[in-house]
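Look over the sequence and the model below. The report then takes the sheet, the chain contact and the domains in turn.

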Amino acid sequence: MNSWDEIYKGQRPAWCPGCGNFAILNTLKKVLLEEGIKPHQFTIVSGIGQAAKLPHYTKCNTFNGLHGRTLPVASGLRFANNQMLVLAVAGDGDCYGEGGNHLLHAIRRNMNIKLFVHNNQVYGLTKGQASPTTTTPTPTKTQPFGALSEPLNPLALAISLNCSFVARGFAGASGLPHLNKLMKAAIHHKGFAFIDILQNCVSFNKVNTFHWYKERVYQLEGSYDPRDRAAAFTRCQEWGDRIPTGIFYQCQRPVFEEQIEILNKTPLTKQIFDFEKAKQEVNGFS
Amino acid sequence: MDISIRIGGAAGQGIQSIGAALAKFFCRSGFHVFTNQDYMSRIKGGHNFYQVRISELPLSAALDEIDILLALDQNSIAIHHHVVRETGIIVYDQATGTADFTEPASLAIPLALVATEANGTKIMANNVALGALLGLMGQDLAGINDIIQQQWANKGAELVRQNIEVAKAGYDFVLNHSDHRLAIPPPSTKGYLLLNGSQAISLGALVSGCKFYAAYPMTPSTGIMVNLAAQAKKHGIVVEQAEDEIAAINMALGASYGGVRAMTGTSGGGFALMTEGVSLAGMTETPVVIAEVQRPGPATGLPTRTEQSDLLFILYGGHGEFPRVVFAPGSPSQAIALTNKAFDLAEKYQIPAFILSDQYLADCQWSYAELDTDSLTYTDYRLRNPELEKLPSYQRYQVNDTGISPLAIPGESSHLVVVDSDEHDEDGHIIEDAATRNQMVEKRLFKKLRMLRKEIAAPELIGHRQPEILLLCWGSTYGVVKEVTEILEPDHSIAMLHFSELFPFPASEEFAYLQLLDQASQTISIENNAGGQFAKLLRAETGFGVSTLINKYDGRPFTTTNLLGELNEFLG
């Protein structure tokens, strides 16, 4: 009864058999158990996409909102309750496409939000259109002459914005113990932590298959120093025959909500509203 | 006594600080004051004006004729000299303008020179003008010292002293160089306070327990964010400037889900971006208050001007079908009360609630003896501990008789709070079956709407009880239509019906206003838009078609003067 799949048992997933999402979901459940985080002690905020269904498939507080809007909702929740562990789960289209602007500003704010992006380099829910990370010039039904835009490098973007925690994981079996460590490191990080998680899409991505990733993915060497931003920027450019995973960059930056004085002692949601004091403000208006 | 002073000049010349000081002076002296502003979408240059109307009687609108024009540039003389009454006067600086006419009277004051001769600097010329205006109105100058003190306090005592000196010099200049005086009777003993629509909505939010406000700056809604930010520390409010309006409403929803009363504000263009978030609030049943401060559209329109053209947009903005309430206050005092009611109903029914304002309401100042707080309410409708923790189970979307499921806070108990933008079951999980869908629409929409309708107040009738002519209005036109009705009522069978609670549309049970409409020979909908949106709503909701529309869509508000002119042909 105390196993991870019992404690965090959720709805029956509607994902395709063989989807990389299963491995990410199960790794997350193990991390939560190992960290002693009970279902009511955290909230998963998600948007729309296959990845965004994840909170339903575990047991937790859930805000499953709109496509691309994961991070603003997660931010609002942190403003209301800065004692709540807030995980934001999104896909590559959700976070890098529709929600691109929110990602920029969430990184800038550096609120204590853990963002896990399931990056399969394709749109799954809408059936196979190019995503912001699709390799050029892959043809799709909506891009019959090939996806022509330069693929987004989410790690380079995050490092350029001085994101305080930037990592890449891999959802293949060989990468899961590593992903487990990355998720734990993200949860323990003070500030905005971002993990781009490479996963396969069995239905729509025939290029970046499980085997394609498996042959290329490796872990950053032990001597790698994630405090070196220039090195991080260099290493995150590596893509093709060899794809590094691990914590690329980590720094200490002021956490946004910690700089708001009124949140220092009690979360906003637990602060009792003083109606009489507020009425005096109206009465005393001049 | 009914005196209007118009201060005209270019953006950046400080007309607002002169106008604000003047308004405050007369208000504190015990006069009723109404101020309105006309400004361009630029920081320097162009042409703006600030108008202050003063009377012993309550005021709720502006006039077109003025008694004093303070022209800080030649452009102001050219634009406004024809609206100065015969008995009025134009004050200008010969360094920046000329008055090549004999009527109305004019007085040239070398503002910068007077300032420097009084040991001030050229930049203090505006206070020379302020002193001069008070001289022309025969006021005791002592009252201005406190106001200057407040305006300049953060610049140091020496600058305060210099500015007071300079104002005195302007005052003395008038005494020495002009016999022109406007007759102003001694004031009542009691002072008034000044309040504009933006301040009122902010106060309404504050007194309703708003703890989170997220917005993206957009004229003319930004004042709400500025005012709340100023109160943030004292009243424990977090104000966040979001990256865009989409983020703003989603942040507000995230905060509301987290357990705090949350609000966002914008103008029409920003609201266009928010609509998917409004729909999200509807589906997830997350309470949120949205202030939409209208300006003329479409698109960027006239960014700093006024219009009532987003009524239908607000009523229908957001895909899908879900309940909402829409309020359009007619005055700052109504804005406090209706913002309070919006917060109350948003949380009670777990719906989006709208405050529809506009540039005119946002920027106009009304004078009040005091602000009523007795009618304000605060009820915490959330399900909190210890009750929450005691429940054997919790379902965010539990189906019950009222349609209002218990609203719990995530993390407060061992119960999980699951909300979803997909259609969902009682637990908040995704479903696609028809039976659950029907059950949820019944719960979310029909059951709540039935109860919501009973919360809506009837329209306000002012004037004749059985009028031949019935003027219909909504939102910010309240004041001007009221003033016009009161002017016409002694000689005509006329009344006005003001709708400040627009949706759900007021039922006719409590007050049979439809009967009044049927019995009136003329029903005239007065709207600051081109399409007569309220008249359309009235027809859609009641089947009643008004006989006449009076529309104004030039980006300027109705004034008492021009509305009287418009109504003239219907008076018989």
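## The eight-stranded sheet

In this predicted model, chain B holds an open sheet of eight strands with mixed pairing. The order is β6-β5-β4-β1-β3-β2-β14-β7 (chain B). Strands (E, at least two residues) and helices (H or I, at least four) are DSSP runs, numbered from the N terminus. Two strands pair if DSSP finds at least two bridges between them. β6 (105-108) and β7 (193-196) of chain B stand at the edges, each with a single partner strand, so one side of each has no neighbour in the sheet. From one strand to the next, the twist averages 20 degrees. Axes are lines fitted to C-alpha atoms, for helices over the stretch in contact, and angles run from 0 to 180 degrees between N-to-C directions.

Strands β1 (residues 2-11) and β3 (residues 45-55) of chain B run antiparallel, joined by nine bridges. Opposite I3(B) stands I54(B) in β3(B). Helix α1 (residues 15-29) of chain B lies across β1, β2 (32-38), β3, β4 (66-71), β7 and β14 (365-368) of chain B. The helix runs at about 5 degrees to β3(B).

## Where the chains meet

Chain B gives 52 residues to the contact and chain A gives 43 residues. Two residues are in contact if their C-beta atoms, placed from the backbone, lie within 7 Å. On the side of chain B that touches chain A, α9(B) supplies the largest share, nine residues. That side has 29 nonpolar, 15 polar and eight charged residues. Ala, Val, Leu, Ile, Met, Phe, Trp, Tyr, Cys and Pro count as nonpolar, Asp, Glu, Lys and Arg as charged, and the others, Gly among them, as polar.

Strands also pair across the two chains. β2 (residues 61-64) of chain A and β15(B) are parallel, with three bridges. V418(B) in β15(B) is the bridge partner of T62(A).

## Domains of chain B

Chain B is divided into domain 1 (2-177), domain 2 (195-368), domain 3 (387-453) and domain 4 (460-570). The bounds come from an automatic or database domain assignment. The C-alpha centres of domains 1 and 2 of chain B lie 34 Å apart.

In chain B, 12 residues of domain 1 are in contact with eight residues of domain 2. On the domain 1 side, β2(B) gives the largest share, six residues. By class, that side has six nonpolar, six polar and no charged residues.

## Numbering and confidence

Residues are numbered from 1 along each chain as its sequence is written, with chains lettered from A and ligands numbered from 1 in the order in which they are written. In this predicted model, local features need pLDDT of at least 70, side-chain atom pairs count only at pLDDT 80 or more, and totals for chains, interfaces and linings use all residues.
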